[in-house]
Amino acid sequence: MPQNGEINTKFCVYMSSCCGQEMIIREGATFPYCPNHPRMTTNWNPVEADIEDAKVLKKDSKSDPAA
């Protein structure tokens, strides 16, 4: 079971063991602390989810500001 501070090796939905908080964590990202329990060590469990078609959107920093 990965813990906060470790590097993720698989793009997946994970659930914290402390309270069930779900989060998508990309491959190569560092596992975070649980946002609900930031001072506790957090174990992350992979969740069965179909995220094959999920798209990650990145905001274009050069786009025009809103009118």
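Which residue takes a positive phi in the hairpin of E1 and E2? Select Gly-20. Its phi is positive, near 85 degrees, and the hairpin has five residues between the strands. Bear in mind throughout that this is a predicted model.

**Whole chain**

Zoom out and colour by secondary structure. The protein has zero helices and three strands. Read along the sequence, the pattern is β-β-β. Of the 67 residues, 21% count as buried. Among contacts with a separation of 6 or more, 46% come from residues 24 or more positions apart.

**The sheet**

Hide the surface and show the strands. The three strands form an open sheet in the order E2-E1-E3, with antiparallel pairing. E2 and E3 are the edge strands, each pairing on one side only.

Next, select E1, residues 12-16. Four bridges join E1 to E2, and the two run antiparallel. Which residue in E2 stands opposite Tyr-14? That residue is Met-23.

**The core**

Select Cys-12, Tyr-14, Ile-25, Ala-29, Phe-31 and Trp-44. These six residues make up the largest nonpolar core.

Centre on Ile-25 within that core. Leaving aside neighbours within four places in sequence, Ile-25 is in contact with Asn-8, Lys-10, Phe-11, Cys-12, Tyr-14, Phe-31, Pro-32 and Trp-44. Core members are on this contact list, including Cys-12, Tyr-14, Phe-31 and Trp-44.

Move to Ala-29, another core residue. Where is Ala-29 found? Ala-29 is in the loop between strand E2 (22-25) and strand E3 (44-46). Show what surrounds it. Not counting residues up to four places away in sequence, Ala-29 touches Glu-6, Ile-7 and Asn-8. Asn-8 is also in contact with Ile-25. Now draw a distance from Ala-29 to Lys-10. Their C-alpha atoms are separated by 9.3 Å, and the two residues are 19 apart along the chain.

**The cysteines**

Last stop: show the cysteine sulfur atoms. How many disulfides does a search of the whole structure find? The search finds zero. Cys-18 is in no disulfide, and the nearest cysteine sulfur, that of Cys-34, is 3.7 Å away. Cys-18 is partly exposed, with a relative accessible area of 32%.

Go on to Cys-34. The closest cysteine sulfur to that of Cys-34 is in Cys-19, at 3.6 Å. That is too far for a bond, because a disulfide needs the two sulfur atoms within 2.5 Å. Is Cys-34 buried or exposed? Cys-34 is buried, with a relative accessible area of 1%.

Methods. Residues numbered from 1 in each chain as written. Predicted model: local features only at pLDDT ≥ 70, side-chain atom pairs only at ≥ 80, totals over all residues. Heavy atoms only, no water. Buried < 20%, exposed > 50% of the residue type's maximum accessible area, 1.4 Å probe, protein only. Contact = heavy atoms within 4.5 Å. Pairing = 2+ DSSP bridges. Core = buried A, V, L, I, M, F, W, Y, C linked by side-chain atoms within 4.5 Å.
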